Amino acid sequence: MPQLEILYNSECPICDREIEHYKKISSNDISYVPITIDSLSSWGLNEKQAAKKLHARLNGQQLVGVDAFVEIWTRLPYSVSYTHLRAH
């Protein structure tokens, strides 16, 4: 499975707690990238855009909000399929 990158706000206690949970249960096919000046530049986002919604990147394509969560959830050891929740 291709590597999924997750851009997240490590300064937000709720965001950080959720990502820490994902880190504990996910495999090596997800990388977690905290919001920094360098990561914002790499993702083509400003701080407000990045902090407003969860962003993921897969094969160069950005996934935002629910689509980003769905891609994360499909990689976690849950037995439910979430693909029907995608916006596209």
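Modeller: A pocket here is an open set of points on a 1 Å grid over the protein atoms alone, where a 1.4 Å probe fits, with protein on both sides within 12 Å along at least five of seven lines; lining residues have an atom within 4 Å of a point. Keep in mind that this is a predicted model, where local features need pLDDT of at least 70 and side-chain atom pairs count only at pLDDT 80 or more, while totals for chains, interfaces and linings use all residues. Numbering starts from 1 along each chain as its sequence is written, and side-chain values use heavy atoms, leaving out hydrogens and water.

Two or more lining residues come from each of strand S1 (4–8), helix H1 (13–25) and helix H3 (47–52); helices (H or I, at least four residues) and strands (E, at least two) are DSSP runs, numbered from the N terminus. H1 gives the largest share, 4 residues. By class, the lining splits into 10 nonpolar, 2 polar and 2 charged residues, with Ala, Val, Leu, Ile, Met, Phe, Trp, Tyr, Cys and Pro as nonpolar, Asp, Glu, Lys and Arg as charged, and the others, Gly among them, as polar. As for volume, the largest pocket has about 190 Å³, taken as the space filled by probe spheres set on the points, which are joined across faces, edges and corners.
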